[in-house]
Amino acid sequence: MALGFFAQGDDWNNRMEDVGEESIEELSCRSFFVNAKRRQNKFELHPILHEFAESVSDGEYFRLEGIKSGEPIRIPNKARHVYVAADDLVTVAETLCERKEIRSLVVVGGLSCTSEDNRSRYNKSLKEVLESLKSLRLLVLSVLGGSLPEAIGELKHLRYLELPGNAIPEWPKSFCKLYHLQWLILRMHSTRVSLPEDMNKLSNLRCVDADSEAIAALPWIGNLIYLQELREYRIQRENRGFDVGQLKYMDQLRRLCIRGLQHVESKKMGEEAMLEDKEHLRWLELCWSNEGKPITPAACKDGMEGLRPHPDLRELKINGYKGERAPRWMESRYLLGIERLEMWSCHQLTSLPPLGELPFLRVLHLRRMDSVEEVGAVFYGSADAPFPSLEELLFDTLNQWKKWDVRAKQRREVSFPRLRKLGIGNCRSLTGPIALPSSLEELRVRLFAGGDSFGLVEEETSTSTTLVLHIDKLALLQSCLREGHLASLRFVDWRFATALTSKHLLEGWRSGWIISPLSNNCVSLKHTACNAFLIHWWTTAPEGCTIQAKNGDGALQLRTP
């Protein structure tokens with residue numbers, strides 16, 4: 001992209017990054033790459049294709065590494081893209097300076113000798129190279145011998161710059177003259193490194209990959225209207241250039257996190273961000289804190305009304321919201337495209353919005369809410385089949401939550417038809433039963449000790465009739481089994497982390513509340529030191545049942561008489 005191989009095109013909605021991604025996908029489908037690691041953005045050409053590409057390029061791409069002392073340095077006249085080891089830069093600098101048509105320079109590796117003299121010679125050579133190669137569009141430096149040379153500002157055509165982020169104590173004044181710069185990548189993030197204050201003049205920037213603290217300290221960031229991602233923007237009342245209105249014209253944002261929203265006290269102030277007009281925004285995080293003047297619940301809700309995002313949003317995170325009710329745009333069928341929703345530390349919120357009406361919601365996490373007392377009809381909404389796509393549901397530390405209205409669920413035709421993971425922890429006031437899918441055939445129970453915040457761990461692939469249940473209170477499941485809510489259940493897989501939960505489970509078997517609904521079913525138990533449970537189950541379980549136990553000595557499988 002930095003070299004101009006991918007253009008924006010006529011369609012404004014189709015970014016260069018989108019065109020490049022589509023090309024990578026097509027090449028991957030054609031087996032152009034081997035050992036592709038998509039999450040790390042690493043792609044390796046097949047050796048045959050690499051050899052073919054080298055022959056076609058005919059010297060346009062050139063590598064300089066492992067140069068021996070006294071060996072003549074030759075760079076083809078056709079070379080436009082040069083790769084050189086940092087240790088060899090001093091040796092090849094003079095020859096490099098003669099190839100003024102070079103478009104990209106990649107300097108990799110570290111300096112084998114880090115003496116002051118060697119670092120000084122390296123930095124002098126780097127300065128000479130930058131002063132000569134003024135046609136560079138791409139520059140990657142893995143190491144700096146000292147400060148970034150002032151000559152960097154002479155690279156008027158530079159589009160892509162990658163630097164070691166922990167090695168820049170001070171930016172040269174000329175840096176902010178790189179008006180065509182689009183991608184700035186600072187590897188090895190460091191909170192000690194700040195970005196130049198005048199960086200808002202680089203209006204063509206599309207990506208700034210740096211420490212979030214450094215980005216949050218940039219004033220007047222609203223001038224960077226082509227920025228695709230803003231990991232953290234902090235609203236500051238006392239400092240100019242940090243108001244919520246800075247986001248107004250940043251319509252190319254795909255990912256955005258806004259902090260300091262306690263300073264947004266009205267709908268009008270919230271509307272200054274114009275989130276509703278950001279049609280490309282897919283990921284949004286909204287955060288409030290206790291810094292500064294306290295905000296009232298009414299003012300917080302009013303400000304939240306003005307922060308209504310575009311309906312095409314896919315992921316929404318809400319942290320520290322101070323309102324007693326959710327905004328109207330969350331209580332209506334507005335965010336129809338939302339796929340993931342996380343809310344935490346919303347301590348004033350008294351009731352949950354009708355999230356069951358969101359047709360594509362796949363993941364829902366609710367944490368640390370001290371005022372929610374019931375989950376019921378309002379939570380399910382007016383849909384006949386609430387939560388049609390929900391696969392993962394987590395409740396963590398809802399201290400006042402007393403009841404899950406199962407009757408509200410039973411009045412609907414189908415609820416949670418695709419639920420695969422359910423976690424309920426640290427909800428000390430909650431009593432069962434809990435709402436489980438009625439068509440459930442396989443239940444994998446993961447018991448854990450309450451107290452700390454928890455997450456839903458990755459499990460093996462499950463079927464459409466399997467649920468992984470993470471709980472810290474056996475009583476929640478006990479009432480479901482006793483009241484016959486799991487009539488279709490045929491298989492239970494128990495795992496628990498402590499001897500305490502093992503003891504509670506054994507008591508459940510002795511009292512009969514676990515055995516009774518599982519006639520002719522298979523029960524799997526995986527736990528260390530579970531001999532007492534195994535003996536009691538084998539003597540009391542229904543005829544024909546199978547137990548699969550695992551202790552410290554290995555696996556054991558028994559079938560009851």
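## Report on a predicted protein chain

Among contacts in the protein chain between residues at least 6 apart in sequence, 58% join residues at least 24 apart, where contact means heavy atoms within 4.5 Å. The model is predicted: local features need pLDDT of at least 70, side-chain atom pairs count only at pLDDT 80 or more, and totals for chains, interfaces and linings use all residues. Residues are numbered from 1 along each chain as its sequence is written, and side-chain values use heavy atoms, with hydrogens and water left out.

### Overall make-up

The protein chain has 13 helices and 25 strands. Helices (H or I, at least four residues) and strands (E, at least two) are DSSP runs, numbered from the N terminus. Of the 561 residues of the chain, 50% count as buried. Buried means under 20% relative accessible area, exposed means over 50%, and partly exposed lies in between (1.4 Å probe, protein chains only).

Helix α2 (residues 47-57) is hardly covered, with one buried residue among its eleven. After α2 comes D58, whose phi is positive, near 55°.

### Salt bridges

Side chains of opposite charge can pair when their charged atoms come close. A salt bridge is counted when a side-chain nitrogen of Lys or Arg is within 4 Å of a carboxyl oxygen of Asp or Glu. A search of the whole structure finds 19 salt bridges.

| Pair | N to O distance | Accessibility of the Arg | Accessibility of the Glu |
|---|---|---|---|
| R231 and E229 | 2.9 Å | R231, 39% | E229, 33% |
| R259 and E232 | 3.4 Å | R259, 28% | E232, 8% |
| R362 and E339 | 3.9 Å | R362, 34% | E339, 29% |

In the pair of R231 and E229, R231 is partly exposed, and E229 is partly exposed as well.

What does the salt bridge between R259 and E232 tie together? The side chains of R259 and E232 meet with N and O 3.4 Å apart. R259 lies in strand β11 (residues 255-259) and E232 in strand β10 (residues 229-234), so the pair ties together parts that are 27 residues apart in sequence. R259 is partly exposed, whereas E232 is buried. R259 and E232 also belong to a network of salt bridges that links them with E213 and R234.

The salt bridge of R362 with E339 has its closest N and O atoms 3.9 Å apart. This pair links distant parts of the chain, 23 residues apart: R362 is in the loop between β14 (340-344) and β15 (363-367), and E339 is in the loop between α8 (328-331) and β14. R362 counts as partly exposed, and so does E339.

### Packing of helices α3 and α4

Two packed helices are described by the angle between their axes and the distance between the axes. Helix α3 (residues 89-98) and helix α4 (residues 116-132) pack at an angle of about 15°, with their axes 9 Å apart. Therefore α3 is roughly parallel to α4. Here the axes are lines fitted to C-alpha atoms, for helices over the stretch in contact, and angles run from 0 to 180 degrees between N-to-C directions. Angles under 35 degrees count as roughly parallel, over 145 as roughly antiparallel, 65 to 115 as roughly perpendicular, and the rest as oblique.

α3 passes α4 in a left-handed crossing, meaning that the near helix is turned anticlockwise from the far one by less than a right angle; clockwise would be right-handed. On the α3 side the contact is made by L89, V90, A93, L96 and C97, and on the α4 side by R121, Y122, S125, L126, E128, V129 and S132. By class, this contact has eight nonpolar, two polar and two charged residues. Ala, Val, Leu, Ile, Met, Phe, Trp, Tyr, Cys and Pro count as nonpolar, Asp, Glu, Lys and Arg as charged, and the others, Gly among them, as polar.

### Some single residues

R368 is not a glycine, yet its phi is positive, near 50°. R368 sits in the loop between β15 and β16 (374-375) and is partly exposed, with a relative accessible area of 30%.

F416 is not a glycine either, and its phi is positive at about 50°. Is F416 buried or exposed? With a relative accessible area of 0%, F416 is buried. Its place is in the loop between α10 (406-410) and β19 (421-425).

F491 belongs to strand β22 (residues 491-496) and is partly exposed, at 22% relative accessible area. F491 and E441 are 50 residues apart in sequence, while their C-alpha atoms are 6.4 Å apart in space.
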